[in-house]
Amino acid sequence: MERLRPDVIIGIDLGTTNSCAAVALPDGQVRIIPQRNGDAIVPSIFAIDDKGNELVGHEAKRQWQLNPRNTLYATKRLIGRSPRDEVVDSVQRSAAFRIEDGGGEVALACQGRRFRVHEVSARILAKIRDVASDFLGFRAGRAVVTVPAYFNDRQRQAVKAAGRLIGLEVVRIINEPTAAALAYGVGKSLRERVLIFDLGGGTFDVSIIEIRDRVFEVKATGGDIFLGGLDFDEVLVQRVLQAFQAEHGLDLSQDPVAMQRIRDLAERTKIDLSSRTEVPFSIPFITMTDDGRPLSLDLRLSRRELEELTAPLVRRALLRVERVMEDAGLAPGDIDEVMLVGGQTRMPVIQRALAERFGRPPSKGVHPDEAVAVGAALYGWSLQEDSDLRLQLLDVIPMAIGLEAAGGRMRVVLPRNAPIPNAKALPATNSVDGQQALSVRIFQGDDPLAERNDLLGEFTFDGVRPCPAGQVRLRMLFEVNVEGILTVSASDRDTGRQMRTTVRVTES
Ligand code: AMP
């Protein structure tokens with residue numbers, strides 16, 4: 001095994017469909033880390049084959065068509081979620097693997113075994129670290145890992161937990177658009193306001209970031225962690241299923257191997273339609289009729305049709321852009337550059353729509369697939385003791401954090417786009433005579449009803465002095481650190497008793 005270098009911090013872009021890592025060399029130059037075959041991308045896929053071998057990345061992707069039930073992909077969409085969450089159902093509808101309730105946590109079935117989502121992320125992180133060790137000749141002990149800006153506290157905690165499982169210290173979580181802005185702006189002495197439009201495989205983020213040389217200040221952020229290239233693929237899959245049903249009266253959606261072949265080709269077709277206007281969609285012998293006659297899929301798809309079918313997805317992204325501009329109090333003329341990040345932004349209609357809205361084409365200033373990992377590596381380098389790069393990141397929370405109040409309302413403690421780090425104190429008291437414990441449920445989201453937001457956790461402050469209602473004087477403190485991770489503490493102002501908790505996901 002390679003020698004461990006705990007001082008070195010690599011940058012990891014842990015994506016929904018693809019992951020990638022980068023590192024700053026001793027002279028501060030950042031390199032994307034290639035695998036032995038030269039490829040920089042590690043597909044974010046984990047599988048177990050019939051012999052019980054665990055496979056990650058390209059190896060897992062290669063056997064995906066033949067083993068769809070035991071191939072876990074896009075699991076980042078499930079990280080930090082509760083099994084009761086409605087998004088879990090929607091993922092299950094399009095996934096061939098089984099999602100189960102693992103005692104209040106999402107569990108994934110794979111070859112008769114069960115994995116928690118952050119255990120899968122841990123395996124992908126381990127693979128990336130191995131690739132990095134191969135390249136560097138030593139094992140890096142620390143990493144900066146990026147997450148979608150629109151990730152909530154639980155999801156951030158889960159990524160940290162994944163690192164801990166494999167002994168990789170995640171020294172800092174930073175937001176993907178912020179990382180892309182670092183890749184664009186470090187070392188250029190800029191004074192610019194950029195809008196980062198980051199549409200990757202599974203998530204969409206938009207952030208407006210002001211760059212003042214080495215200061216990167218996020219003015220507003222927004223997004224949708226259920227909008228990404230996978231959704232564009234799914235629209236094509238549905239179109240193809242309908243066409244097959246109309247022609248042959250057969251439903252292929254219950255056949256996992258056929259579905260996997262369609263899904264693969266749908267993605268490739270979508271990508272081809274970014275550079276061509278029409279392409280065939282053909283899969284020989286996709287199924288058999290009851291009397292044993294083989295049937296094939298044979299269609300042609302045009303870019304125009306793809307654009308029509310996916311127009312609602314593009315509209316959703318553009319609406320988010322409008323909201324973020326409104327939150328920042330800015331008009332298109334106030335934005336100096338629009339940067340594209342994430343593979344799905346190669347779709348021409350997206351570039352056209354942004355060019356129309358901002359009156360000029362988006363910038364090609366960063367590599368859409370590599371910018372996030374490069375930014376993470378730059379930030380990692382700035383945290384290393386031996387570097388002279390100093391960066392200041394001023395980020396925000398993407399969604400409000402608050403408490404469940406009377407009538408189930410969300411009582412906002414920190415509003416969305418509040419700068420981080422941040423802290424806010426709230427007075428609290430006992431509502432019933434003699435009450436000995438005070439429980440609050442903490443949520444994150446922008447809905448006025450607490451239940452419709454994400455439950456971050458429940459905080460119980462026990463040992464309250466028995467008093468008549470309204471007489472106990474408690475002070476609750478909400479602190480969000482630079483990574484967007486929340487700690488809640490409470491103290492009894494009369495007795496001085498203190499309690500604190502980091503709202504965390506379960507860990508092994
Ligand atoms: P990322 O997570 O940034 O690697 O983005 C991956 C997503 O980008 C996947 O859904 C890909 O299908 C999609 N993608 C990659 N290249 C293209 C392209 N040329 N046109 C449209 N989508 C693309």
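Is D213 buried, partly exposed or exposed, and what is its relative accessible area? With a relative accessible area of 35%, D213 is partly exposed, where buried means under 20% relative accessible area, exposed means over 50% and partly exposed lies in between (1.4 Å probe, protein chains only). This is a predicted model, in which local features need pLDDT of at least 70 and side-chain atom pairs count only at pLDDT 80 or more, while totals for chains, interfaces and linings use all residues. Residues are numbered from 1 along each chain as its sequence is written, and side-chain values use heavy atoms, with hydrogens and water left out.

**Confidence**

- The average pLDDT of the protein is 93, and 98% of the residues score at least 70, pLDDT being the predictor's confidence in each residue, from 0 to 100.
- Over residues 504-508 the pLDDT stays under 50, and for this stretch the model has 14 contacts beyond four places in sequence, a contact meaning heavy atoms within 4.5 Å.

- E210 has its place in strand β14, residues 204-212; helices (H or I, at least four residues) and strands (E, at least two) are DSSP runs, numbered from the N terminus.
- E210 counts as buried because its relative accessibility is 15%.
- The side chain of E210 makes a polar contact of 3.1 Å with the side chain of R193, and another, at 2.9 Å, with the side chain of R212. A polar contact is a pair of N or O atoms within 3.5 Å; within protein, one must be able to donate a hydrogen and the other to accept it, and residues adjacent in sequence count only if both atoms are side-chain atoms.
- When neighbours within four places in sequence are left aside, the residues in contact with E210 are E192, R193, V215, F216, E217 and K219.
- D213 lies in the loop between β14 and β15 (215-224), and its phi is near 55°, a positive value in a residue other than glycine.

**Helix packing**

- Two packed helices are described by the angle between their axes and the distance between the axes.
- Helix α6 (residues 229-248) packs with helix α7 (residues 256-272) at an angle of about 115°, the axes being 9 Å apart; axes are lines fitted to C-alpha atoms, for helices over the stretch in contact, and angles run from 0 to 180 degrees between N-to-C directions.
- On the α6 side the contact is made by G229, F232, D233, E234, L236, V237, V240 and L241, and on the α7 side by M259, I262, R263, A266, E267, T269 and K270.
- The residues of this contact of α6 with α7 divide into 8 nonpolar, 2 polar and 5 charged, where Ala, Val, Leu, Ile, Met, Phe, Trp, Tyr, Cys and Pro count as nonpolar, Asp, Glu, Lys and Arg as charged, and the others, Gly among them, as polar.
- In helix α9 (residues 348-358), the residues P348, V349, I350, A353, L354 and F358 are buried, and the buried residues of α9 pack against β13 (191-199), α6, α8 (303-328) and β18 (337-341).
- Helix α9 is followed by G359, which has a positive phi near 75°.

**Two further buried residues**

- Y150 is found in the loop between β11 (139-147) and α4 (153-165), and Y150 counts as buried because its relative accessibility is 10%.
- The side chains of Y150 and R320 are joined by a polar contact of 3.5 Å; residues that Y150 touches, not counting those up to four places away in sequence, include D205, R323, P398 and D446.
- A21, found in strand β2 (residues 18-24), is buried, with a relative accessible area of 5%.
- Leaving aside neighbours within four places in sequence, A21 is in contact with G11, I12, R31, I32, I33, I128 and A373.

**Backbone features and N422**

- A cis peptide bond with omega about 0° joins I420 and P421, and P421 has its place in the loop between β22 (419-420) and β23 (422-428).
- N422 is in strand β23 and counts as partly exposed at 22% relative accessibility; a polar atom of its side chain lies 2.8 Å from the backbone oxygen of P419.
- Q111, in the loop between β9 (106-110) and β10 (113-116), has a positive phi near 50° although it is a residue other than glycine, and Q111 counts as partly exposed at 31% relative accessibility.
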